[in-house]
Amino acid sequence: MNAPHPAAAREFSVADFDFQLPPELIAQHPAPERSASRLLDGTGNPPVDRVFRELPDLLNPGDLLVFNDTQVVKARLFGQKATGGQVEMLIERVLLPLEASDGSAHEVVAHLRVSKKPLPGGRLHMAGGLKGGGFDAVFLGRWPDAQGQLFRFRLHGPADETPYELMARHGHVPLPPYIEHADDADDERRYQTVFARVPGAVAAPTAALHFDDALLGALEARGVQRASVTLHVGAGTFAPMKVERIADHVMHHERYAIPPATLQAIADCRARGGRVVAVGTTTVRTLESWARSGQTQGDTNIFITPGFDFRVVDRLVTNFHLPQSTLMMLVSAFAGFDAIRALYAHAIAQRYRFFSYGDAMLLQRA
């Protein structure tokens, strides 16, 4: 679902979204308190260095904050082939019964790291080792078609456990590739929003990690309204772009849903003259997908690049993103290419913390 505005001023290459980041600015752990992280207020010129808990002061009564209520699942699993070879699996999504080959709720699609790919019917033993414990994963074929990059499995666990139950019992938090430590109990708590509700994501909607109960209470007292959407963040959000021209990039698909209450909240916000403030790029992608397709649920592969005509979102709370990533392109489309370059340069000079566990910024639509 590519939707660039016809008046896009120039054709960008992937290299235009590169920048040099000192490795020590990549946050390996979250701030001690969620709302104590830093917030770069980029809504004016010059930008202002703030603390995230100041966000209510930057919004107006009647504004609407829209969150992504997806829940990160423990999607990273380790196991063995029958020959003893090691296997690492990252479950990208649990297939709905209508999508499954046998109509069950036990099929998944996954990324697979293994020395030799299994043949259809091949069985992997996950989590428990060859001596038992764990569960089996039977390989069914590639997904979404015979040339697909993902692998489809049927999971067989004790007591007919669902894939979500198996992941909760045997899986690991799927920390991003740039976080170098193994997941622990703190990651299980902090790589999750305080309002996570619908399981299915393999990466956190990281802008929302800065919100805690005290901040949510302060926003409510300010008269800022809240609503939610669901977009299950996929591992494709971290995939490097392998093309030079942006127009040649094939975007990954993610599943989303928007409840009727959120559509009504947006309409009410517009009617009272409030602003729609998206918390995170996943919320932007969900709302702008709906604005174009009219579909309140389904899959989206919307690719937002400079020149895009935003129809819903007025402001954006977002973390700092990877160089040459689709998310760098999205924020550049939202706030302006030159404005984002300047904000990132400021953030690096002021030693902001970057990526999933890092700091945030507040942006105004250009």
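1. What covers the buried residues of helix 1? The cover includes strand 5 (76-81), strand 6, strand 7 (107-114), strand 9 (135-143) and strand 10 (150-156), where helices (H or I, at least four residues) and strands (E, at least two) are DSSP runs numbered from the N terminus. In helix 1 (residues 163-170) the buried residues are Pro163, Leu166, Met167 and His170, and they lie on the same side of helix 1 because they cover an arc of only 100° around the axis, taken from the directions from the helix axis to the C-beta atoms. Buried means under 20% relative accessible area, exposed over 50%, and partly exposed in between (1.4 Å probe, protein chains only).

2. On conventions, this is a predicted model in which local features need pLDDT of at least 70 and side-chain atom pairs count only at pLDDT 80 or more, while totals for chains, interfaces and linings use all residues. Residues are numbered from 1 along each chain as its sequence is written, and side-chain values use heavy atoms, with hydrogens and water left out.

3. Glutamate 92, located in strand 6 (residues 86-94), deserves a look: it is buried yet has no salt bridge, and the nearest side chain of opposite charge, that of arginine 93, is 6.0 Å away. A salt bridge here is a side-chain nitrogen of Lys or Arg within 4 Å of a carboxyl oxygen of Asp or Glu; Lys and Arg count as positive and Asp and Glu as negative, with His and the chain ends not counted. The side chain of glutamate 92 does reach the backbone nitrogen of alanine 235, at 3.1 Å.

4. The structure holds 24 salt bridges. One of them joins glutamate 11 to arginine 245, with the closest N and O atoms 3.0 Å apart; because glutamate 11 lies in the segment before strand 1 (38-41) and arginine 245 in the loop between strand 12 and strand 13 (254-257), the pair ties together parts that are 234 residues apart in sequence. Glutamate 11 counts as exposed, at 58% relative accessibility, whereas arginine 245 is partly exposed, at 37%.

5. Glutamate 107 and arginine 152 also meet in a salt bridge (3.1 Å, N to O), linking strand 7 to strand 10 across 45 residues. Glutamate 107 is buried, with a relative accessible area of 0%, and arginine 152 counts as buried at 17%.

Notes: Polar contact = N/O pair within 3.5 Å; in protein donor to acceptor, adjacent residues only side chain to side chain. Contact = heavy atoms within 4.5 Å.
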